[in-house]
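I opened a new model today and went through it piece by piece. My entries are below.

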Amino acid sequence: ILLILIFFGKNAIEYFFSETIEMKKKELNLNLENHKSLIDQQNKNFQHTLDTKLNEFNVRFSKLHEERANVIKELYERLVKLHSATVSLTRRIHPIIEDAELEEKQRLQNVNNALNEFNKYYLVNKIYFEKDLADRLDKISNEYWSKNWDYATILRMFRANQVSTEFYLKMVEDSQKITDAVDKDFTKSLEELENEFRKILGVI
């Protein structure tokens, strides 16, 4: 009888542990599946959030590029007008249409208006340009102002007709240097800036 009890007891214990192990396996498998499902859902949520953020960034970047393109277009237009007015003022020979003095005053006024229009627009839109490019635009603006101011000063002194021959010859020399700088240096700067704008807009 004792042997029979031991035999059945051993079998009962083995059966109990066997069933317990199977139950634990099922429980672990179920937990694993639940965990995998949770991770999959988290990955989907993260991907959705990432896609949303990327889409928002693309929209903002696209809008920023569009705004920047408009700023470049308007600024370049004003710079070309400023350059044209400066060339017109500083050229050596001016055809007289009706009144030489009045036409000279108009050229001076055209330069003044073009400078104001350029600087007014540039200063409020300077933030659209990287630091290096903004520094170049600052330099260009200052050079146009400086050369036009110097040339206008020479014109006023010419009109005053109260200078010595030596000083008159120096003013002629200085005005020629300004004309050469506008024709060569300013034109080159404008071409370089045009290429820079093309790169930004992606048209090169």
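**Entry 1: the whole chain.** I am working with a predicted model. I looked up confidence first. The mean pLDDT of the chain is 83, and 81% of its residues reach 70 or more. By element, helix 2 has the highest mean pLDDT, 94. Helix 1 has the lowest, 73.

I then listed the secondary structure. I found 4 helices and 0 strands. Along the sequence the pattern reads α-α-α-α.

How much of the chain is buried? I get 23% of the 204 residues. The chain exposes about 15,300 Å². Carbon and sulfur atoms supply 58% of that area. I also checked contacts with a separation of 6 or more: residues 24 or more positions apart account for 76% of them.

**Entry 2: helix 2.** I checked the length of helix 2, residues 100-125. Its 26 residues should span 38 Å at 1.5 Å a residue, and its end C-alpha atoms are 38 Å apart, so the two agree.

What caps the N-terminal end of helix 2? I found Asp99 there, with a side-chain oxygen 3.1 Å from the backbone nitrogen of Glu101.

An α-helix has 3.6 residues a turn, so residues three or four places apart point the same way.

**Entry 3: helix 3.** I took helix 3 as residues 131-160. It has 30 residues and reaches 43 Å from first C-alpha to last, close to the 44 Å expected. Its buried residues include Leu133, Leu137, Ile140, Tyr144, Asn148, Tyr151 and Leu155. Asn161 follows helix 3, and its phi is positive, near 55°.

**Entry 4: helix 4.** Helix 4 covers residues 165-201 and has 37 residues. It reaches 52 Å from end to end by C-alpha, close to the 54 Å expected.

Where is the kink in helix 4 centred? I place it on Ala181, with an angle of about 35°. Ala181 is itself one of the buried residues of helix 4. Others in that list include Met171, Ser175, Ile178, Thr179, Val182, Phe186 and Leu190. Just after helix 4, Gly202 takes a positive phi of about 75°.

Entry 5: I turned to Thr90, which sits in helix 1, residues 2-90. Is Thr90 buried or exposed? Its relative accessible area is 1%, so I call Thr90 buried. Its side chain reaches the backbone oxygen of Thr86 at 2.8 Å. Neighbours within four places aside, Thr90 is in contact with Tyr151, Ile178, Thr179 and Val182.

I followed that list to Thr179, in helix 4. Thr179 has a relative accessible area of 4%, so it is buried too. A polar atom of the Thr179 side chain lies 2.5 Å from the backbone oxygen of Thr90. Neighbours within four places aside, I find Thr179 in contact with Thr90, Arg91, Arg92 and Tyr151.

Tyr151 turns up in the contacts of Thr90 and in those of Thr179. I went back to helix 3 and confirmed that Tyr151 is on its buried list.

Note on methods: Residues are numbered from 1 along each chain as its sequence is written. This is a predicted model: local features need pLDDT of at least 70, side-chain atom pairs count only at pLDDT 80 or more; totals for chains, interfaces and linings use all residues. Side-chain values use heavy atoms; hydrogens and water are left out. Helices (H or I, at least four residues) and strands (E, at least two) are DSSP runs, numbered from the N terminus. The expected span of a helix is 1.5 Å times one less than its number of residues. A polar contact is a pair of N or O atoms within 3.5 Å; within protein, one must be able to donate a hydrogen and the other to accept it, and residues adjacent in sequence count only if both atoms are side-chain atoms. Buried means under 20% relative accessible area, exposed over 50%, partly exposed in between (1.4 Å probe, protein chains only). Contact means heavy atoms within 4.5 Å. Accessible areas come from the Shrake-Rupley method with a 1.4 Å probe; for residues, only the protein chains shown count as cover. pLDDT is the predictor's confidence in each residue, from 0 to 100. The bend at a residue is the angle between axes fitted to the seven residues ending there and the seven starting there.
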